[in-house]
Amino acid sequence: MSTSLIYHAFGLKGVEYQSTQPLGNAIIISAKMTEKFIKCPHCCCRYASFKGQKTRWFRMGPLGRKQSLLKLHIHRLKCIACDKIWWPQLPFMDGKHRYTRSFASTALDLLRFGTIKDVSNYLHVGWDLIKDIHKSMFQRLYRKMPINELKYLGIDEFSIRKGHKYMTIFIDLQKGRIIHAVEGTSENVIQPFLKFPARKAKKLKAVAMDMSRSYSSAVTEYLPSTDIVFDRYHIMAHMNLAIDTLRRQQQAILTDNDQKALKGCRFLLLRNYESLGQDFKVKLNTLLDINEPLFVMHSMKEQLRLLWSQGKHQRALAFLNQWCFDAMMSGIKPLGKVALTLLKHKKGILNYFPHRITSGSVEGTINKIKTLKRQAYGFRDMEYFKLRLYHLHCQGYSLTG
Ligand SMILES: [Zn+2]
């Protein structure tokens, strides 16, 4: 071991190697500060005398299969020009941590291949320490979120805990990345963020969202010149919800035999017809033969999907009007309700045609969020959880936890 080796292997600058001592599963490397980096923080004088000393311990990256610790003797310094006294800054450290930068880099490298738990076990440190290292990296990375080039924004929500707390996410639809996340879904929760695109995103053209009122009124207020697009994916979700309501209503009034046919058919009704296998298509057709309201509902759903392939705004308008008329005339209550909702939000639904955006493209992101949510740490440290959300676009499906 030498001064040169600890400089090249562990990035220890301004340190002179003294000795090495094995201790159990660790190797202790003793060293002292050199005078190379002495500089008075007050007058920049490079000459100082020693005024007291202490020993500090730092964790470094592993040495072979053993952990390594740095035992460093540091002198307190007194400037010979201005008499000011100070403890020197260590050039291989960030803040007051008890580990070196090279240790943090090693941990971050390992996190690319394993979970926080794996890495903390391998490096013989606590879970929280590795999490903090990970978190500081994200904080540096996502201190500023560039939104100057933002053209299409998506607003979506998901539940943090089953059925309880919700989180709103703002997505750059072109890049498919989350640019902001906030707990809650109400208007005053999302307002503070909307002020940023209002000032900085000069190229913003449209915002895709659910038909929920809190989002659209906030967007209208803060981004008045931006189009609101009611998202295709969410509209179909409303339709599916109505199908499910009808299915349950029908189940309650059917005879035992027909009830049996309806059992376990939920996904048959909700899936896109062409994506069903042949067996399932037969099963669905049998089911629709015996129940007329469900048959009407299902064919109306399949028809509604065609709205977005109408090509032009004018054709789509005619299509939507006709669809809503048919739906209301069907006499099926949940279907009529969907028609009323769609008519009320007609402008935003048809805004799809000039922009052609949908947050359905972030479905992959939502799936990744589900994986992330399953990992308990998200709820212990909300800021870390949000930072992980901002990093999702860089990540494959195997998330580290
Ligand atoms: Zn000085």
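Hi everyone. Let me start with a definition: I'll say two residues are in contact if their C-beta atoms, placed from the backbone, lie within 7 Å. And please keep in mind that this is a predicted model.

With that in hand, which residues does Val229 touch? Leaving out residues up to four places away in sequence, the partners are Ala206, Val207, Ala208, Gly348, Asn351, Tyr352, His355 and Ile357.

Val229 also belongs to the largest nonpolar core, which has 50 residues. Val229 is among those with the most contacts inside that core, together with Ile178, Val207, Ala208 and Leu335. Helix α7, residues 232-253, gives the largest share of this core, with five residues. At least three residues come from each of domain 2 (152-231 + 358-394) and domain 3 (234-355). Apart from this core lies another one, of 24 residues, including Val15, Ile29, Leu70 and Leu72.

Now, on to helix α11, residues 292-304.

Which residues of α11 are buried? They are Leu294, Met297, His298, Met300, Lys301 and Leu304. These cover an arc of only 165 degrees around the axis, so they sit on the same side of α11. A helix has 3.6 residues a turn, so residues three or four places apart point the same way.

What covers that buried set? The cover includes α7, α9 (266-270), α10 (278-290), α12 (313-329) and α13 (333-344). On the face turned away from the buried side, α11 carries the exposed residues Glu292 and Glu302.

Conventions: Residues numbered from 1 in each chain as written. Predicted model: local features only at pLDDT ≥ 70, side-chain atom pairs only at ≥ 80, totals over all residues. Core = buried A, V, L, I, M, F, W, Y, C linked by C-beta atoms within 7 Å. Buried ≥ 20, exposed ≤ 12 C-beta atoms within 10 Å, placed from the backbone. Helix = DSSP H or I, 4+ residues; strand = E, 2+ residues; numbered from the N terminus. Domains from an automatic or database assignment. Arc of directions from axis to C-beta.
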